[in-house]
Amino acid sequence: MVAKNKVSIPMTKNNVEIFKVNNYNRFLIDISHQVQGTIFPAPNFNPIIDAQMLGGALQGFDCDKDLLIDILTQRSNAQRMVIAEAYQSMYGRDLIGDLKEQLSSHFKEVMVGLMYPPPSYDAHELWHAMKGAGTEENCLIDILASRTNGEIFQMREAYSLQYSNNLQEDIYSETSGHFRDTLMNLVQGTREEGHTDPAMAAQDAMVLWEACQQKTGEHKTMLQMILCNKSYQQLWLVFQEFQNISGQDLVDAINDCYDGYFQELLVAIVLCVRDKPAYFAYRLYSAIHDFGFHNKTIIRILIARSEIDLLTIRKRYKERYGKSLFHDIKNFASGHYEKALLAICAGDVEDY
(Lines give C-alpha, C1' and ligand atoms only; values in the text may rest on other atoms or scores of the structure.)
Protein backbone atom coordinates (compact mmCIF):
# COMPACT_ATOMS: atom_id res chain seq x y z
CA MET A 1 0.00 0.00 0.00
CA VAL A 2 1.48 3.32 -1.08
CA ALA A 3 1.34 5.93 1.64
CA LYS A 4 -0.17 9.30 0.97
CA ASN A 5 0.33 12.34 3.17
CA LYS A 6 0.21 10.87 6.62
CA VAL A 7 -0.28 13.07 9.63
CA SER A 8 0.97 11.38 12.75
CA ILE A 9 0.41 13.14 16.07
CA PRO A 10 2.57 11.25 18.55
CA MET A 11 1.35 10.79 22.10
CA THR A 12 4.58 11.55 23.91
CA LYS A 13 5.05 11.50 27.66
CA ASN A 14 4.94 15.27 27.94
CA ASN A 15 1.87 15.52 25.75
CA VAL A 16 -0.23 13.23 27.91
CA GLU A 17 0.58 14.64 31.34
CA ILE A 18 -2.70 16.54 31.17
CA PHE A 19 -4.67 13.31 31.12
CA LYS A 20 -3.40 11.89 34.41
CA VAL A 21 -6.55 12.33 36.43
CA ASN A 22 -6.35 10.82 39.90
CA ASN A 23 -9.81 11.66 41.17
CA TYR A 24 -12.32 8.88 40.46
CA ASN A 25 -15.23 11.23 41.20
CA ARG A 26 -14.02 13.54 38.42
CA PHE A 27 -14.05 10.57 36.08
CA LEU A 28 -17.59 9.62 37.08
CA ILE A 29 -18.69 13.18 36.34
CA ASP A 30 -17.02 13.10 32.92
CA ILE A 31 -18.65 9.83 31.86
CA SER A 32 -22.10 10.82 33.13
CA HIS A 33 -22.53 12.89 29.95
CA GLN A 34 -22.47 16.22 31.76
CA VAL A 35 -20.77 17.63 28.70
CA GLN A 36 -22.15 20.10 26.25
CA GLY A 37 -22.03 21.00 22.61
CA THR A 38 -22.01 24.42 20.98
CA ILE A 39 -24.90 23.99 18.51
CA PHE A 40 -28.49 23.63 19.66
CA PRO A 41 -31.89 23.48 17.93
CA ALA A 42 -32.92 26.97 16.81
CA PRO A 43 -36.09 28.30 18.43
CA ASN A 44 -39.02 29.28 16.20
CA PHE A 45 -37.59 27.03 13.49
CA ASN A 46 -39.13 27.42 10.03
CA PRO A 47 -37.55 25.09 7.45
CA ILE A 48 -39.52 26.61 4.56
CA ILE A 49 -38.13 30.09 5.18
CA ASP A 50 -34.62 28.67 5.72
CA ALA A 51 -34.82 26.71 2.46
CA GLN A 52 -35.98 29.81 0.59
CA MET A 53 -33.14 31.88 2.01
CA LEU A 54 -30.59 29.20 1.13
CA GLY A 55 -32.00 28.99 -2.38
CA GLY A 56 -31.55 32.73 -2.77
CA ALA A 57 -28.06 32.62 -1.31
CA LEU A 58 -26.95 29.92 -3.74
CA GLN A 59 -28.30 31.62 -6.87
CA GLY A 60 -26.26 33.68 -9.29
CA PHE A 61 -22.57 34.37 -9.45
CA ASP A 62 -22.15 36.02 -6.06
CA CYS A 63 -23.08 33.39 -3.50
CA ASP A 64 -24.11 34.87 -0.14
CA LYS A 65 -21.69 32.91 2.03
CA ASP A 66 -22.47 34.89 5.16
CA LEU A 67 -26.12 33.84 4.94
CA LEU A 68 -25.09 30.19 4.49
CA ILE A 69 -23.03 30.42 7.67
CA ASP A 70 -25.80 32.20 9.58
CA ILE A 71 -28.31 29.46 8.77
CA LEU A 72 -26.33 26.22 8.66
CA THR A 73 -24.20 26.81 11.78
CA GLN A 74 -27.19 28.02 13.83
CA ARG A 75 -29.45 25.01 13.28
CA SER A 76 -29.13 21.56 14.82
CA ASN A 77 -28.25 18.66 12.57
CA ALA A 78 -31.83 17.36 12.74
CA GLN A 79 -33.11 20.78 11.67
CA ARG A 80 -30.64 20.87 8.76
CA MET A 81 -32.04 17.55 7.54
CA VAL A 82 -35.55 19.04 7.49
CA ILE A 83 -34.23 22.10 5.64
CA ALA A 84 -32.65 19.82 3.03
CA GLU A 85 -36.01 18.08 2.49
CA ALA A 86 -37.79 21.42 2.12
CA TYR A 87 -35.08 22.60 -0.29
CA GLN A 88 -35.49 19.46 -2.42
CA SER A 89 -39.27 19.91 -2.53
CA MET A 90 -39.01 23.60 -3.33
CA TYR A 91 -36.30 23.57 -6.01
CA GLY A 92 -36.15 19.96 -7.14
CA ARG A 93 -32.43 19.95 -6.37
CA ASP A 94 -30.19 18.43 -3.71
CA LEU A 95 -28.88 20.99 -1.22
CA ILE A 96 -25.57 19.18 -0.77
CA GLY A 97 -25.14 19.08 -4.53
CA ASP A 98 -25.74 22.82 -4.81
CA LEU A 99 -23.33 23.56 -1.96
CA LYS A 100 -20.65 21.48 -3.66
CA GLU A 101 -21.26 23.28 -6.96
CA GLN A 102 -21.25 26.83 -5.59
CA LEU A 103 -18.53 26.60 -2.93
CA SER A 104 -14.88 25.65 -2.93
CA SER A 105 -11.94 24.61 -0.82
CA HIS A 106 -12.18 24.19 2.96
CA PHE A 107 -15.26 26.39 3.28
CA LYS A 108 -17.09 23.92 1.08
CA GLU A 109 -15.90 21.03 3.27
CA VAL A 110 -17.37 22.71 6.35
CA MET A 111 -20.73 23.59 4.81
CA VAL A 112 -21.16 20.19 3.15
CA GLY A 113 -19.98 18.37 6.29
CA LEU A 114 -22.69 20.07 8.34
CA MET A 115 -25.33 18.55 6.04
CA TYR A 116 -24.53 14.92 6.88
CA PRO A 117 -26.25 13.16 9.80
CA PRO A 118 -23.55 12.20 12.36
CA PRO A 119 -23.33 8.49 11.38
CA SER A 120 -23.15 9.44 7.69
CA TYR A 121 -20.47 12.03 8.41
CA ASP A 122 -18.35 9.45 10.25
CA ALA A 123 -18.85 7.05 7.33
CA HIS A 124 -17.91 9.79 4.86
CA GLU A 125 -14.71 10.58 6.75
CA LEU A 126 -13.71 6.92 7.07
CA TRP A 127 -14.37 6.28 3.39
CA HIS A 128 -12.21 9.19 2.28
CA ALA A 129 -9.50 8.19 4.77
CA MET A 130 -9.20 4.77 3.11
CA LYS A 131 -10.00 5.32 -0.56
CA GLY A 132 -7.18 5.75 -3.04
CA ALA A 133 -3.53 5.06 -2.39
CA GLY A 134 -2.68 4.83 1.30
CA THR A 135 -4.69 5.42 4.43
CA GLU A 136 -5.11 8.37 6.80
CA GLU A 137 -4.60 6.33 9.94
CA ASN A 138 -5.17 9.21 12.34
CA CYS A 139 -8.72 9.66 11.04
CA LEU A 140 -9.44 5.99 11.77
CA ILE A 141 -7.93 6.38 15.24
CA ASP A 142 -9.91 9.53 16.11
CA ILE A 143 -13.24 8.05 15.09
CA LEU A 144 -13.01 4.43 16.19
CA ALA A 145 -11.24 5.09 19.50
CA SER A 146 -13.89 7.57 20.62
CA ARG A 147 -17.30 6.38 19.44
CA THR A 148 -19.89 4.53 21.54
CA ASN A 149 -21.31 1.14 20.61
CA GLY A 150 -24.46 2.79 19.27
CA GLU A 151 -22.49 5.31 17.22
CA ILE A 152 -20.35 2.54 15.73
CA PHE A 153 -23.41 0.47 14.79
CA GLN A 154 -25.05 3.45 13.05
CA MET A 155 -21.76 4.33 11.35
CA ARG A 156 -21.42 0.82 9.91
CA GLU A 157 -24.99 0.97 8.60
CA ALA A 158 -24.44 4.39 7.03
CA TYR A 159 -21.18 3.24 5.44
CA SER A 160 -22.92 0.28 3.82
CA LEU A 161 -25.79 2.44 2.53
CA GLN A 162 -23.60 5.25 1.20
CA TYR A 163 -20.81 3.25 -0.40
CA SER A 164 -22.22 -0.27 -0.85
CA ASN A 165 -19.13 -1.49 0.98
CA ASN A 166 -18.56 -3.25 4.27
CA LEU A 167 -16.66 -1.05 6.74
CA GLN A 168 -15.00 -4.00 8.46
CA GLU A 169 -13.80 -5.42 5.15
CA ASP A 170 -12.40 -2.07 4.05
CA ILE A 171 -10.54 -1.57 7.33
CA TYR A 172 -9.16 -5.09 7.06
CA SER A 173 -7.89 -4.50 3.51
CA GLU A 174 -6.43 -1.04 4.19
CA THR A 175 -4.56 -1.69 7.45
CA SER A 176 -2.30 -4.39 8.85
CA GLY A 177 -0.83 -6.06 11.89
CA HIS A 178 -1.95 -5.43 15.46
CA PHE A 179 -3.14 -1.96 14.44
CA ARG A 180 -5.64 -3.65 12.15
CA ASP A 181 -6.61 -6.19 14.80
CA THR A 182 -7.38 -3.40 17.28
CA LEU A 183 -9.43 -1.41 14.75
CA MET A 184 -11.33 -4.57 13.82
CA ASN A 185 -12.13 -5.13 17.48
CA LEU A 186 -13.33 -1.55 17.98
CA VAL A 187 -15.51 -1.54 14.86
CA GLN A 188 -17.49 -4.48 16.24
CA GLY A 189 -19.00 -2.07 18.77
CA THR A 190 -19.18 -4.70 21.49
CA ARG A 191 -17.64 -2.83 24.44
CA GLU A 192 -19.23 -3.69 27.79
CA GLU A 193 -21.31 -0.87 29.23
CA GLY A 194 -21.48 0.07 32.90
CA HIS A 195 -20.02 -3.19 34.21
CA THR A 196 -17.35 -3.10 36.94
CA ASP A 197 -15.48 -5.90 38.72
CA PRO A 198 -12.68 -4.70 41.04
CA ALA A 199 -11.19 -8.18 41.39
CA MET A 200 -11.03 -8.62 37.61
CA ALA A 201 -9.50 -5.13 37.30
CA ALA A 202 -6.45 -6.28 39.24
CA GLN A 203 -6.09 -9.33 36.96
CA ASP A 204 -6.48 -7.23 33.82
CA ALA A 205 -3.92 -4.74 35.09
CA MET A 206 -1.44 -7.59 35.56
CA VAL A 207 -2.12 -8.75 31.98
CA LEU A 208 -1.46 -5.21 30.72
CA TRP A 209 1.76 -5.00 32.72
CA GLU A 210 2.97 -8.32 31.31
CA ALA A 211 2.01 -7.18 27.80
CA CYS A 212 4.21 -4.12 28.22
CA GLN A 213 7.08 -6.31 29.43
CA GLN A 214 6.89 -9.27 27.06
CA LYS A 215 5.59 -7.61 23.86
CA THR A 216 4.81 -10.92 22.12
CA GLY A 217 2.00 -11.20 19.60
CA GLU A 218 -0.13 -12.99 22.16
CA HIS A 219 0.43 -10.25 24.73
CA LYS A 220 -0.42 -7.53 22.19
CA THR A 221 -3.67 -9.35 21.49
CA MET A 222 -4.52 -9.53 25.18
CA LEU A 223 -3.71 -5.84 25.57
CA GLN A 224 -6.01 -4.71 22.79
CA MET A 225 -8.77 -7.10 23.86
CA ILE A 226 -8.92 -5.51 27.31
CA LEU A 227 -8.80 -1.93 26.01
CA CYS A 228 -11.42 -2.55 23.30
CA ASN A 229 -13.95 -4.63 25.23
CA LYS A 230 -14.03 -3.56 28.88
CA SER A 231 -16.40 -0.80 29.94
CA TYR A 232 -15.05 2.69 30.53
CA GLN A 233 -15.83 2.34 34.23
CA GLN A 234 -13.96 -0.96 34.42
CA LEU A 235 -10.99 0.41 32.51
CA TRP A 236 -10.68 3.28 34.95
CA LEU A 237 -10.24 0.73 37.73
CA VAL A 238 -7.78 -1.22 35.57
CA PHE A 239 -5.68 1.90 34.97
CA GLN A 240 -5.55 2.61 38.71
CA GLU A 241 -4.49 -0.97 39.42
CA PHE A 242 -1.84 -0.77 36.68
CA GLN A 243 -0.37 2.29 38.36
CA ASN A 244 -0.30 0.44 41.68
CA ILE A 245 1.33 -2.66 40.21
CA SER A 246 3.91 -1.04 37.94
CA GLY A 247 4.46 2.38 39.51
CA GLN A 248 4.00 3.75 36.00
CA ASP A 249 1.17 5.43 34.13
CA LEU A 250 -0.27 3.14 31.43
CA VAL A 251 0.22 5.71 28.68
CA ASP A 252 3.89 6.05 29.56
CA ALA A 253 4.23 2.26 29.56
CA ILE A 254 2.60 1.95 26.13
CA ASN A 255 4.81 4.71 24.73
CA ASP A 256 7.90 2.99 26.13
CA CYS A 257 7.02 -0.46 24.81
CA TYR A 258 5.29 0.07 21.45
CA ASP A 259 5.49 2.36 18.46
CA GLY A 260 3.71 3.25 15.25
CA TYR A 261 -0.03 3.47 14.71
CA PHE A 262 -0.65 0.53 17.06
CA GLN A 263 0.85 2.56 19.89
CA GLU A 264 -1.06 5.71 18.88
CA LEU A 265 -4.36 3.83 18.78
CA LEU A 266 -3.85 2.22 22.19
CA VAL A 267 -2.97 5.58 23.73
CA ALA A 268 -5.98 7.23 22.09
CA ILE A 269 -8.28 4.62 23.64
CA VAL A 270 -6.77 5.19 27.09
CA LEU A 271 -7.07 8.97 26.75
CA CYS A 272 -10.67 8.76 25.55
CA VAL A 273 -11.54 6.59 28.55
CA ARG A 274 -10.02 9.14 30.90
CA ASP A 275 -11.36 12.35 29.40
CA LYS A 276 -12.74 12.36 25.86
CA PRO A 277 -13.11 16.16 25.58
CA ALA A 278 -9.49 16.58 26.72
CA TYR A 279 -8.39 14.08 24.05
CA PHE A 280 -10.09 16.10 21.32
CA ALA A 281 -8.73 19.36 22.77
CA TYR A 282 -5.27 17.84 22.45
CA ARG A 283 -5.92 16.68 18.89
CA LEU A 284 -7.15 20.15 17.90
CA TYR A 285 -4.16 21.84 19.51
CA SER A 286 -1.76 19.50 17.72
CA ALA A 287 -3.57 19.93 14.40
CA ILE A 288 -3.43 23.72 14.73
CA HIS A 289 0.09 24.17 16.09
CA ASP A 290 2.14 21.15 15.07
CA PHE A 291 1.17 20.79 11.44
CA GLY A 292 0.48 24.28 10.15
CA PHE A 293 -3.30 23.99 10.59
CA HIS A 294 -4.27 20.50 9.47
CA ASN A 295 -7.66 21.40 8.02
CA LYS A 296 -9.18 17.93 7.69
CA THR A 297 -8.62 17.10 11.35
CA ILE A 298 -9.92 20.45 12.60
CA ILE A 299 -13.04 20.40 10.40
CA ARG A 300 -13.82 16.78 11.30
CA ILE A 301 -13.56 17.28 15.06
CA LEU A 302 -15.50 20.56 15.15
CA ILE A 303 -18.39 19.19 13.09
CA ALA A 304 -18.51 15.75 14.71
CA ARG A 305 -18.43 17.08 18.28
CA SER A 306 -20.51 20.26 17.78
CA GLU A 307 -23.67 18.82 19.36
CA ILE A 308 -21.94 16.43 21.76
CA ASP A 309 -19.12 18.00 23.74
CA LEU A 310 -17.50 20.84 21.78
CA LEU A 311 -18.22 23.38 24.54
CA THR A 312 -16.47 21.05 27.00
CA ILE A 313 -13.61 20.57 24.50
CA ARG A 314 -13.30 24.36 24.33
CA LYS A 315 -13.08 24.54 28.12
CA ARG A 316 -10.40 21.83 28.23
CA TYR A 317 -8.48 23.61 25.48
CA LYS A 318 -8.41 26.89 27.40
CA GLU A 319 -7.46 25.10 30.65
CA ARG A 320 -4.62 23.13 29.08
CA TYR A 321 -3.11 25.61 26.66
CA GLY A 322 -3.85 29.06 28.04
CA LYS A 323 -5.41 30.46 24.88
CA SER A 324 -8.90 29.74 23.62
CA LEU A 325 -9.72 27.54 20.66
CA PHE A 326 -11.55 30.55 19.21
CA HIS A 327 -8.33 32.61 19.46
CA ASP A 328 -6.18 29.98 17.79
CA ILE A 329 -8.61 29.38 14.92
CA LYS A 330 -8.84 33.14 14.33
CA ASN A 331 -5.06 33.35 14.16
CA PHE A 332 -4.64 30.54 11.64
CA ALA A 333 -7.73 30.55 9.40
CA SER A 334 -9.16 33.35 7.25
CA GLY A 335 -12.15 34.50 5.23
CA HIS A 336 -15.48 32.69 5.26
CA TYR A 337 -13.69 29.48 6.23
CA GLU A 338 -12.60 31.20 9.45
CA LYS A 339 -16.11 32.60 10.00
CA ALA A 340 -17.66 29.15 9.61
CA LEU A 341 -15.24 27.48 12.03
CA LEU A 342 -15.70 30.24 14.59
CA ALA A 343 -19.48 30.01 14.30
CA ILE A 344 -19.33 26.27 15.06
CA CYS A 345 -16.83 26.90 17.86
CA ALA A 346 -19.20 29.58 19.25
CA GLY A 347 -16.60 31.58 21.16
CA ASP A 348 -17.45 33.55 24.27
CA VAL A 349 -16.98 37.30 24.49
CA GLU A 350 -13.68 36.88 26.33
CA ASP A 351 -12.41 34.64 23.53
CA TYR A 352 -12.38 37.50 21.05
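In which kind of crossing, left-handed or right-handed, does α14 pass α16? The model examined here is predicted, so that local features need pLDDT of at least 70 and side-chain atom pairs count only at pLDDT 80 or more, while totals for chains, interfaces and linings use all residues. Residues are numbered from 1 along each chain as its sequence is written, and side-chain values use heavy atoms, with hydrogens and water left out.

The crossing of α14 past α16 is left-handed, a term for a near helix turned anticlockwise from the far one by less than a right angle, clockwise being right-handed. The axes of helix α14 (residues 232-246) and helix α16 (residues 260-289) come within 10 Å and cross at roughly 110°, where axes are lines fitted to C-alpha atoms over the stretch in contact, and angles run from 0 to 180 degrees between N-to-C directions. The two helices, α14 and α16, are therefore roughly perpendicular to each other, the class assigned to angles of 65 to 115 degrees. Tyr232, Leu235, Trp236 and Phe239 of α14 meet Val270, Cys272, Val273, Arg274 and Lys276 of α16 in this contact, which is defined by heavy atoms within 4.5 Å.

Helix α3 (residues 65-72) and helix α20 (residues 335-345) also have axes that come within 10 Å, crossing at roughly 15°, which makes α3 roughly parallel to α20, as angles under 35 degrees are classed. Lys65, Asp66 and Ile69 of α3 form the contact with His336, Lys339, Ala340 and Ala343 of α20.

Gln168, which lies in helix α10 (residues 167-174), counts as buried because its relative accessibility is 17%, the limit for buried being under 20% relative accessible area with a 1.4 Å probe and protein chains only.

Key:
Helices (H or I, at least four residues) and strands (E, at least two) are DSSP runs, numbered from the N terminus. Angles under 35 degrees count as roughly parallel, over 145 as roughly antiparallel, 65 to 115 as roughly perpendicular and the rest as oblique. Buried means under 20% relative accessible area, exposed over 50%, partly exposed in between (1.4 Å probe, protein chains only).
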